[in-house]
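Good morning, everyone. Please have the sequence and the model open while I talk.

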Amino acid sequence: MDMLRPYELRNIRKQLDLTHSSKNDYVSVKCWIDTDAQLENPVCKFIKFQDECFGSLKESDFVLVLMTESQKLMLSKYGEDIIQMDSTHQTNPYDFQLTTVLVVDNYGEGFPVSFLLSSSVNTDILSVFF
């Protein structure tokens, strides 16, 4: 089995422009969001950091909504019949919840079409998600 050497990992990181990471998660996420916003089809559809104000959301709420173009196509293709939603909690050090929206494809399999990472799941946050 071949193993990557540290300098090879550094080169991959540099080639993929992953040099903006930080030990501070806020800084890392902010850099990723800023980079994503420059893309033709950004994955981030909505972001609200804690200590920011937006509509009826609390200042303490964190909300991140993600959807790729492929997911958007699957939602438009299969979202007429069945849409499922599932949330997980207590899976990260911030106690954020991951909510996934799924559609059922032509094989009867669930396909994730959007993700919500949030500090809680309530009506205000879900209204932003949908």
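Asp36 sits in helix α2, residues 25–37. Helices here are DSSP runs of H or I with at least four residues, strands are runs of E with at least two, and both are numbered from the N terminus. A word on the source: this is a predicted model, where local features need pLDDT of at least 70, side-chain atom pairs count only at pLDDT 80 or more, and totals for chains, interfaces and linings use all residues. Residues are numbered from 1 along each chain as its sequence is written, and side-chain values use heavy atoms, with hydrogens and water left out.

Back to Asp36. Is Asp36 buried or exposed? Asp36 is buried, yet has no salt bridge. Buried means under 20% relative accessible area, exposed means over 50%, and partly exposed is in between, using a 1.4 Å probe and protein chains only. A salt bridge needs a side-chain nitrogen of Lys or Arg within 4 Å of a carboxyl oxygen of Asp or Glu. For Asp36, the nearest side chain of opposite charge is Lys45, 7.1 Å away. Lys and Arg count as positive, Asp and Glu as negative; His and the chain ends are not counted.

What does Asp36 touch, then, leaving out residues up to four places away in sequence? Pro42, Val43 and Cys44. Contact means heavy atoms within 4.5 Å. A polar atom of the Asp36 side chain lies 2.9 Å from the backbone nitrogen of Val43.

Now, which pair does form a salt bridge? Lys30 and Asp34, with their closest N and O atoms 3.0 Å apart. By this rule, the count is one salt bridge. Side chains of opposite charge can pair when their charged atoms come close. Lys30 and Asp34 are four residues apart in helix α2, so about one helical turn separates them. Lys30 is partly exposed, at 31% relative accessibility. Asp34 is partly exposed too, at 38%.

Let's step back to the whole chain. Four helices and five strands. The order along the sequence is α-α-β-β-α-β-β-β-α. Of the 130 residues, 26% are buried.

Next, the inside. A nonpolar core is a set of buried Ala, Val, Leu, Ile, Met, Phe, Trp, Tyr and Cys residues, joined through side-chain atoms within 4.5 Å. The largest one has 13 residues, and Val63, Val65, Leu116 and Phe129 have the most contacts inside it. Two or more residues come from each of β2 (63–66), α3 (69–78), β4 (97–104), β5 (110–118) and α4 (123–129). Helix α4 gives the most, with three residues. Take Val65: beyond four places in sequence, its contacts include Val43, Phe46, Leu116 and Phe129. There is also a second, separate core of six residues, among them Ile33, Phe62, Leu64 and Phe96.

Helix α4 also holds Asp124. Asp124 is partly exposed, at 34% relative accessible area. Outside four places in sequence, Asp124 touches Ser56 and Leu57.

Last stop: two loops. Asp51 lies between β1 (44–48) and β2. Asp51 is not a glycine, but has a positive phi of about 70°. Asp51 is exposed, at 65%. Asp95 lies in the loop between β3 (83–88) and β4. Asp95 has a positive phi of about 60°, and is not a glycine either. Asp95 is partly exposed, at 43%.

Note on methods: Polar contact = N/O pair within 3.5 Å; in protein donor to acceptor, adjacent residues only side chain to side chain.
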